[in-house]
Amino acid sequence: MFENAKWIIHQDNKQYEAVSFKKELNLSKKVKKATLYITSLGVYCAEIDGVRVGDFILAPGFTSRKRVQYQTYDITKMIDTGSTISVSVGDGWYKGKINFGTDEGGPEKKKALMAEIRILYTDGTKDVIVTDESWLVKKDKIRYVDLYDGEKVDANYEDAYVNASIYGNPPSVKVVKQEGVYVKEQETLRPLRIFKSPNGDTLIDFGQNMTGYFEINVDAKIGDRVALSVCEELDKYGNFYNENYRDAKAEFEYICHEGHNVYKPRLAFWGFRYMRVDEFPTEIKADNIKAIVLHSDIKRTGYLDSSSPLLNQLFSNIIWGQKGNFLDVPTDCPQRDERQGWTGDATVFCRTATYNYDVNQFFTKWLSDLALDQEKNGHIPHIIPQTICWDWSVAEHSGAVWGDASTIIPYQLYLTYGNKEILKRQYTSMCRYIKYITEHTKEKYLWSGCEQFGDWLGLDAPEGSYRGSSNEDFIASVFYAHSTSLVAKTGKILGRRVDKYEKLYEKILAKIRKTFKEYKTQTECALALYFNIAEDKKAVAAQLDAMIKENGNRLKTGFVGTPYLLHALSQNGYAETAYNLLLQESFPSWLYSVKQGATTIWEHWDGKNEKGEFWSKAMNSFNHYAYGSVADWVYMEACGIHTVEDKPGFEEVLISPHPTNKLDHLSARIDTKYGTISSKWYHFEGKVRYEIITPVPATIIIDGKEHRVSKGTYVF
Ligand code: BGC
């Protein structure tokens, strides 16, 4: 592919300025088939005769800076002899502020386009049109664009075309076939409410915190201005509040042409629920604007439902958290000046993610980037793709749990989808990660003495710290053990010799047990139980249960403890305590945020207090999926649907529900490649009734009694 196509640029191109390439095709014969191969350094939007090519928004996506994906479009029906192809290119992830605010590479680093059109004529002859100096280029009507800041468009702007230049010194980047899932427009939200805020702003509420953009349509005079800003939450007075976006301006400006204007942004996205109308040619009405939800085109596979409206809203928030943060890569949040592929967030959410949606291909692509960006010494950068940032490659900043994305996510894809191929592909990366820890720890068989994120945002954090008070060396060592065990299992599946990893695991386990004799926090107890560190599980489970009760049935855990907390409880005889946490309505809890009106998952348990005051503007996202990982407890423990390790991908299933009197009913459904598994329980005439559907052989455990069944529908 791209044998003769060149990277072409606008010689005089600055950061934030979109450019527009053009080629008049001037074909002499009738076309039988035409295919466009295209990619860019930056993000592109291609059109043929004014009609958008394909439906991949923000193509070519977000990848390691070592590679860029190209896309293939059948354009047979779009082109004619006199057609023109034009392509707008903006900074995107390549050169924008997402590189931690820097103009990385300076003015020499240019946005660029590479394309090739292969044509087969009706007479059997062929033609290839490639990007070269014969293409023209100008500054785009999108006068300013940045993923964080938004788009500024002047519909009347007309720059003169000049010849494109060949990019003399392009960054070394491999052009590869599209591997990920296209980001597409998914659904449209109409304004729920247009109203005046107490301080006189005109605000629009779309009713849902979401990721995407919007489309405006308005009759205007030439030069009329549309100016919009977005936010996730209103302040305690009901006024617009976007200080939590930090340096991301998240604005939109559009200068109208005469007559009817219809426009939606092409090279940016926003995370928002509310919009402030700073300027509009007319009094804005619901018909003038709609919000368009964007995310990777992943298929929904998992559904949860209960008798509690609050819990159902939580389930919805978890789904929206995933929609909002599965935009080509798994991001921490979609709104502020981050939107990065933070590995730790993906580690803790990936199990839930695999049940909610088919994210097999989505993560496969991201894991390719992870392996590519993994450093020479085996360290996993904290964000994948690695954008330019401070040097994290040093051992002093290691990042347990964050780096374990390299082992936990491939193994989860194996469990949920039976994807053995991903294990093959990632195995070297997984082994290198273990080698990295082994070589950098200060104390053999532990992971100690390195800077860690700890139990990130744990509520037991010391004053002024983001890190919960759980022992960071303990957390790191537990994940060192866990990842080593996953490498051993993976190696075994692949038929490799794994005694080295099995022995290493045993040694780490023994050393952890010897070193960390007691567990002082909820997170430490949860990890000790869940990862089989505790030797006296009964005692530790009782301790954890007591800690939670003493705290008024409330948790204190952060990013690391939370995903395992409820599992640790229900697996050790304390399902009711787990339910108490799940159904807790007062702060801190999942349902607290729901009662505060959340429509997505908050980054902090205390993102907003009861008085409607915000935790801080420094780091307070209202769309951070990490705590949404509680959904896997509902699928797996509350409804009981478990993968079976040696029959992965739900070739067989274990169903072992934990009902409670606190809910009238609860159900989970997962669509697998073998069919739909569903598990529902409800109270009926003083007893619990279970309805289970399995498309595969299953082990069903009800009240401690095991039933081996073949596919079918079962009622207990
Ligand atoms: C991100 C988190 C991330 C963390 C790690 C934050 O700024 O938003 O989700 O995992 O940094 O330090």
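What follows covers the model, the ligand site, the helices and a few backbone details.

## About the model

This is a predicted model, where local features need pLDDT of at least 70, side-chain atom pairs count only at pLDDT 80 or more, and totals for chains, interfaces and linings use all residues. Numbering starts from 1 along each chain as its sequence is written, and side-chain values use heavy atoms, with hydrogens and water left out.

## The ligand site

Now for polar contacts, meaning pairs of N or O atoms within 3.5 Å. Asp332 puts a polar side-chain atom 2.7 Å from a ligand oxygen. For His624, a polar side-chain atom is 2.9 Å from an oxygen atom of the ligand, and for Trp402 a side-chain N or O atom is 3.0 Å from a ligand oxygen. The protein covers 95% of the 310 Å² of accessible area that the ligand has on its own (Shrake-Rupley, 1.4 Å probe).

## Helix packing around H5

Helices here are DSSP runs of H or I with at least four residues, numbered from the N terminus. H5 (residues 405-417) packs against H6 (residues 420-440) at about 165°, with the axes 9 Å apart; axes are lines fitted to C-alpha atoms over the stretch in contact, and angles run from 0 to 180 degrees between N-to-C directions. H5 and H6 are therefore roughly antiparallel (over 145 degrees).

H5 also meets H7 (residues 472-493): their axes come within 10 Å and cross at roughly 45°.

Where are the cis peptide bonds? One runs from Ile384 to Pro385, with omega near -5°, and Pro385 lies in the loop between H4 (360-373) and H5. Another joins Phe587 and Pro588, at an omega of about -10°; Pro588 lies in the loop between H12 (575-583) and H13 (590-595).

Leu457 has a phi near 65°, a positive value in a residue other than glycine. Leu457 is in the loop between H6 and H7.

How values were computed: A polar contact is a pair of N or O atoms within 3.5 Å; within protein, one must be able to donate a hydrogen and the other to accept it, and residues adjacent in sequence count only if both atoms are side-chain atoms. Helices (H or I, at least four residues) and strands (E, at least two) are DSSP runs, numbered from the N terminus. Angles under 35 degrees count as roughly parallel, over 145 as roughly antiparallel, 65 to 115 as roughly perpendicular and the rest as oblique.
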